[in-house]
Amino acid sequence: MSGFSLVFSCFFIGDCIMIRYLVFDLDGTLIRSQGRVSSLVARFFEERFWLDPEATRYYFHSTRGKALIAQIMEYLQIQEDEARKLSDEIYALILQTKKGEFFPGVVEKIKELSQDFKLFLSTGNSTAFAKENLQEWWILNCFELVVGSDLLIKGVEHLKLFSETVGDPNFLKKVVFIWDGENDRDIAQQAGIPFIHVEEEPCSFDVPYCVVSVADISGPLAQIINEKMGSGF
């Protein structure tokens, strides 16, 4: 029995609502692909619209965590239907590229966590890209549901879909969001759920929990569980 299983067996009593669900971002959180994707988008916009590739690369990297459609709408100042056509083209190009590289220890940690929690993945990338990366390392089956922004634009709507999938009206009281982008933080705050920020460099956000890698989230996760127990929620 793992450490988290012991926590559940010892403290899941009475009306105490424990953390049962974990929602992960993909790019920059589980896999090192955001820089490559930003460069791909920069080349695409340079060839299509003659836009400065460095400015494009900076924008898409600095707004990581947002759905690609939302990024395109904001950057090009166009409507959703036109942005969706462009995003579909870019998703197709992403699928043709080399898959992302998982950060060290992440695959093993995902397998470990899936023994005690129900895992979900929410990405601004495409669903197919996410599933292919997870399947390549045989961890797709560790996730209850994988949703990309080609199916539903990333945001609180993804969390609502996960809640409906498990049929738990208390989903938002039992979930932690693990992310790397500012937009992900905004999603978690909007939903009123705890979150853990993942960043290889010293944490650039003023947040309660920040780790270098998903492989290191056990400590912060245990702290969140203890805080939930102490608050009675």
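Me: Which residues lie nearest the centre of the largest pocket, and how many residues line this pocket?

Reply: Gly28, His61, Phe103, Asp180 and Glu200 lie nearest the centre, and the lining has 14 residues. A pocket here is an open set of points on a 1 Å grid over the protein atoms alone, with protein on both sides within 12 Å along at least five of seven lines, and a lining residue has an atom within 4 Å of a point. By the way, this is a predicted model: local features need pLDDT of at least 70 and side-chain atom pairs pLDDT 80 or more, while totals for chains, interfaces and linings use all residues. Residues are numbered from 1 along each chain as its sequence is written, and side-chain values use heavy atoms, leaving out hydrogens and water.

Me: How do the lining residues of the largest pocket divide into nonpolar, polar and charged?

Reply: There are 3 nonpolar, 5 polar and 6 charged residues in that lining. Asp, Glu, Lys and Arg count as charged, Ala, Val, Leu, Ile, Met, Phe, Trp, Tyr, Cys and Pro as nonpolar, and the others, Gly among them, as polar.

Me: What makes Phe45 and Phe60 an aromatic pair that is tilted?

Reply: Rings of Phe, Tyr and Trp (its six-membered ring) pair if their centres lie within 6.5 Å, with planes under 30 degrees apart called stacked, over 60 edge-to-face and the rest tilted. By this rule the count comes to 14 aromatic pairs. Phe45 and Phe60 sit 5.7 Å centre to centre with 50° between the planes, and that makes a tilted pair. Helices (H or I, at least four residues) and strands (E, at least two) are DSSP runs, numbered from the N terminus. Phe45 and Phe60 also belong to a cluster linked by ring pairs, together with Phe44, Phe49, Tyr59 and Tyr75.

Me: Why is the pair of Trp179 and Phe195 called edge-to-face?

Reply: Look at the angle: there are 65° between the planes, with the centres 5.6 Å apart, and that gives an edge-to-face pair. Trp179 is in strand E6 (residues 175-179) and Phe195 in strand E7 (residues 195-198), so this pair ties together parts 16 residues apart in sequence.

Me: How do you know whether Trp179 is buried or exposed?

Reply: Buried means under 20% relative accessible area, exposed over 50%, and partly exposed in between (1.4 Å probe, protein chains only). Trp179 has 0% relative accessibility, so Trp179 is buried. Phe195, at 9%, is buried too.

Me: What makes Lys154 and Asp25 a salt bridge?

Reply: The rule asks for a side-chain nitrogen of Lys or Arg within 4 Å of a carboxyl oxygen of Asp or Glu. For Lys154 and Asp25 the closest N and O atoms are 2.8 Å apart, so they pass. Lys154 lies in the loop between strand E5 (143-147) and helix H8 (156-166), and Asp25 in the loop between strand E1 (21-24) and strand E2 (31-32), so the bridge ties together parts 129 residues apart in sequence. Both Lys154 and Asp25 are buried. With Asp184, these two are linked in a network of salt bridges.

Me: Why is Glu74 called partly exposed?

Reply: Glu74 gets that name because its relative accessibility is 38%. Lys66, at 22%, is partly exposed as well. Glu74 and Lys66 meet in a salt bridge of 2.7 Å, N to O, and the structure holds 11 salt bridges.

Terms used:
1 Å grid on protein atoms, 1.4 Å probe; cavity = no way out; pocket = protein on both sides within 12 Å on 5 of 7 lines; lining within 4 Å.
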